[in-house]
Amino acid sequence: MRCLISVCILVLVAACGQTSSPSPSSGPVLEGTLEIISLNCLQGLGASVPCQRDDIAVLPAAAELRDRLAAGDTTALLVAIGDTVLPDPRTVHTKAADIAAVELSRTNLEALAAARVDAYVPGHLDLSTGFDDLLDRCARLGIPVLLSNVDAPKHPNVKPWMVVQAGNVKVGLLGVITNTGAHADDEASKSEPNTSSYPGATVVTSLEAVQRLVGELRDQQGVNLVVLLSNVSQKANVRLAAVRGLDVIIGTFDAKFDAGQVVIEENTAIMSSAPGGTQVGQTTLAVRGGNLNFGNLSPAHEIAKQVAAHEALRQEYRARFGSDDPNVWARRVAPGNEADFLHSITKNGENEEFLKLWENWTDSFMDHHAAELLPPRPDHPALAPYAGQGAAIEAALAAARLKPVVVPEGKPLIPQPADCKSCHAAQFSFWQGTAHSRAFEDLKPLQRMHDGTCLACHAAGFDDPSGWIDPRFDGPFGGVTCYQCHQSYAQHSSSVRQVTDPQFVHADIDRMQCAACHTGRWSPDFDKDAVIASVSCPPMRADEPALLLARKAALDAIRNRRDKGVAEARDAYLEGRALLGLGSFEEGHAVLDRYALDNPSDSALCVDIARLLERAGNSSGAIEMLRRFLENHSGEPTANKEYISLLLEARDHAARDPELALTRLNFLIPKDVDESRSVELDFRVLKIDALFATGQPDKGLSLINELTRDHARDPRLMSRISRYVKR
C-alpha cells in the first residue's frame with residue numbers, strides 16, 4: 001500500500017495583460033479564444049515510431065487536434081518551433097548517412113506542408129544545413145516561415161510577424177531564434193547585430209527585434225495580445241519577458257521545460273513543451289468581458305490527477321483498515337508523523353475545492369498543458385510523406401552513385417558476435433534467439449537500413465567511429481550485439497592480459513546503458529528492471545573451462561611481463577582479479593589490498609575492488625577495505641553508499657551490521673530537517689532500509705511518508721514503498 005502523497009495548493013495568478021478592461025466608449029467588448037498547438041524542436045520526429053505498432057504520428061495527430069478545435073468558435077493554430085525538419089543529430093557523418101539525412105529533411109518539410117502548419121520558426125540547425133534551399137522549399141510548399149530577428153532580403157516570404165483574429169481579439173505573433181550557432185544563454189543581452197553564416201541574411205538579437213516589433217504590432221497593427229514563439233534559451237526568455245507589451249512566450253531549446261509549467265516574469269507568461277515529439281503543447285488564451293488579465297488555469301490538470309490519486313488511496317485505506325477515520329489511517333501508515341499525514345488530507349480537500357472553482361471559471365484565463373493526441377485518420381495527408389521516407393532514402397542513394405568504400409585494414413575495435421563465441425558459446429546461442437540480434441534485419445522491410453535515426457540503435461557501433469565503416473555495408477557488425485550491452489572492445493579477446501580488464505568489457509547490469517535507446521520516445525513503457533532478466537545472457541559459471549583457461553593465460557602473461565621488466569602498475573590489479581576468478585581468494589585479496597594501498601585516493605578503484613571481494617564471497621574483506629578508505633575520505637559519497645549497502649545486505653550475513661549502518665547514516669545526514677532535504681536522496685533511502693533492519697518499522701514508515709512529499713516518483717523511493725508498505 002502506498003503512503004498518502006501530500007499536495008501543494010496552487011493559486012490563480014494574474015498573468016499577462018498589459019491593459020485593463022476597456023471603458024464603454026472604447027468599442028466592442030473584447031471576446032475570443034485562441035488555441036495554439038505547439039511542436040517544440042520536433043527534430044523530424046513527427047511520424048509514428050516504426051517499431052511501436054500503437055505509436056501515434058505526432059505531426060498529423062497535432063494537425064487533426066488543431067482542426068477539431070477550429071471547427072467550433074475557437075481560432076486554432078498549429079506552430080512548429082525550433083529545429084523541426086532536421087533529423088536526430090546522433091547520426092554519424094558519413095556520405096551515405098548525410099544523403100539520408102538530407103532526404104529525411106525534405107520529406108519532413110513535405111509533411112509540415114501537408115499538415116498545413118500555420119507558422120514555422122526554423123531552428124539554427126534547420127537553417128544552417130541549407131538556408132536558401134530550406135526557405136525556397138518552404139515558399140514552394142506554402143509553409144509560413146516566421147523569423148522576427150532574421151533579415152533575409154532574398155526571401156520575401158519570410159515574415160517578421162503575423163496577426164490572427166480570435167473573435168474580435170487581434171493577436172500578434174513573433175518568432176525568434178538564437179543569433180549564434182551555439183545555444184548561448186546570454187544571447188538576448190547582446191546589443192550589436194550579428195551577421196550570421198546564413199548567405200545574404202543578417203540575424204539580430206532577439207531582444208532588439210522583439211522590442212521593436214512589439215511596439216509596431218500594438219501601435220500600427222492594433223493588436224491586443226502579443227505572443228512570441230521562441231527558440232532561444234530559457235534564460236534569454238526571461239530577459240525577453242521584460243519587454244513591455246509582450247504577453248506570452250512559447251518555446252525554448254532547453255530540454256527540461258515540460259508542458260504544464262508556466263513561469264510568470266514581468267507580467268509575461270513563459271511556457272514550452274518537451275522536445276522531440278515527446279510532448280505537444282496546447283495553450284489556450286481566452287478573453288472574456290474585455291479583461292486582458294488572465295487567470296492561470298494550467299495547474300488544474302496536475303491537481304486533477306493528484307486528487308484522483310488521493311481518492312484511490314482513500315479507497316485503499318478504507319478497504320485495508322476497515323475505517324473511514326483518517327486518524328486511524330494516520331496511526332497505521334505514518335506513526336510518529338500523524339500531523340503531516342492529516343495535513344496532506346486537508347490540503348487535498350482544498351484542492352478539490354479549487355477544482356470546482358476552476359470548472360466554473362467564467363473570467364479570462366490561460367491554460368497550458370501537454371495535449372492528449374488521438375491517432376490520426378489513415379488517409380491524413382501528412383502521413384504520406386512519412387510513409388515514403390525509406391523509399392526516398394534508397395532512391396537518393398542510388399542516384400548519388402557513391403563510389404564503393406574501401407574497407408579499412410586491420411581488426412576493428414568493436415568485435416563481432418562471432419569473436420565472442422569461442423569463449424561464450426552459451427551466451428552467443430542465447431543472444432541469437434533475442435530480438436536484439438535481429439535489430440538491423442528489422443530495418444530492411446521498412447527500407448530504413450541507411451536512416452541514421454534508426455541505425456543509432458539498430459546497428460552495432462553506428463555512433464562509434466571506431467566501429468562503424470559505412471551504412472552501405474548494411475550493418476557489418478550486426479544488430480544489437482555484445483558491444484551495446486557490455487561495451488566489449490576487441491582488446492578483451494585479442495590481448496591475453498586484458499581479458500580480465502573491466503575497461504574493455506563489463507557485466508554489471510547497472511552500467512548497461514539501456515536508456516540510450518529505450519527512451520520515452522522509442523520505448524515509452526520500458527522498465528529495465530522488469531525486462532532485464534529476459535534479455536540477459538546466462539551467466540558464466542565460475543568453473544567454465546574457457547573462463548578458467550583465460551584467467552590462467554592472463555596470469556602467465558602478467559608474470560612474463562614482470563620477469564621481462566615491462567610490467568605496469570595496473571598489471572597487479574589485473575592479477576588480483578584473475579586470482580579471485582580462479583578461486584585463490586586469499587592471494588587475490590592480498591594483491592588487490594596492496595594495489596588499493598598504492599592508490600589511496602581512488603574511490604572508484606576502491607569500490608570496484610570491494611565489489612570483487614563481495615562477489616568472491618569475502619564480504620568482510622570488502623567492508624574492511626571500504627572502512628579503511630573512509631577513514632581518510634569520510635564524506636566521499638560513492639564509497640559511503642557502497643559501505644552502507646554492504647553493512648545492510650552483504651552476501652555473508654555474518655558481516656552485516658545494520659546498527660553500524662544506521663550510525664553511519666546519522667553521521668552523514670544533517671539533523672536539521674531543512675538542511676537534510678538537500679542531502680542526496682540515496683542516503684535517506686538507505687536509512688529506510690537501516691530502520692527496518694534494526695527493528696524500527698514505525699520510524700521507517702514515517703521516513704517514507706516524509707520523503708514521499710518531495711520525491712513521490714523517484715524509483716528508489718517507490719521500490720521501498722513496494723518493499724515495506726505493500727506488505
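How many bridges join strand S12 to strand S14, and do they run parallel or antiparallel? This is a predicted model, where local features need pLDDT of at least 70, side-chain atom pairs count only at pLDDT 80 or more, and totals for chains, interfaces and linings use all residues. Residues are numbered from 1 along each chain as its sequence is written, and side-chain values use heavy atoms, leaving out hydrogens and water.

**View 1. Here is strand S12 beside strand S14.** The answer is 6 bridges, between residues 281-287 (S12) and 365-370 (S14), and the two run antiparallel. Look for Leu 285, whose bridge partner in S14 is Met 366. (Strands are DSSP runs of E, at least two residues, numbered from the N terminus; helices are runs of H or I, at least four. Two strands pair if DSSP finds at least two bridges between them.)

**View 2. Now the open sheet of 6 strands.** Its order is S3-S2-S1-S12-S14-S13, with mixed pairing. Strands S3 (119-122) and S13 (295-296) are the edges, each pairing on one side only.

**View 3. Helix H18 packs against helix H19.** Residues 545-563 (H18) and 569-581 (H19) pack at about 150°, with axes 9 Å apart. The axes are lines fitted to C-alpha atoms over the stretch in contact, and angles run from 0 to 180 degrees between N-to-C directions. So H18 is roughly antiparallel to H19 (angles over 145 degrees count as that).

View 4. Most residues other than glycine have a negative phi. At 36% relative accessibility, Gln 447 counts as partly exposed (between buried, under 20%, and exposed, over 50%, with a 1.4 Å probe and protein chains only).

Notes: Angles under 35 degrees count as roughly parallel, over 145 as roughly antiparallel, 65 to 115 as roughly perpendicular and the rest as oblique.
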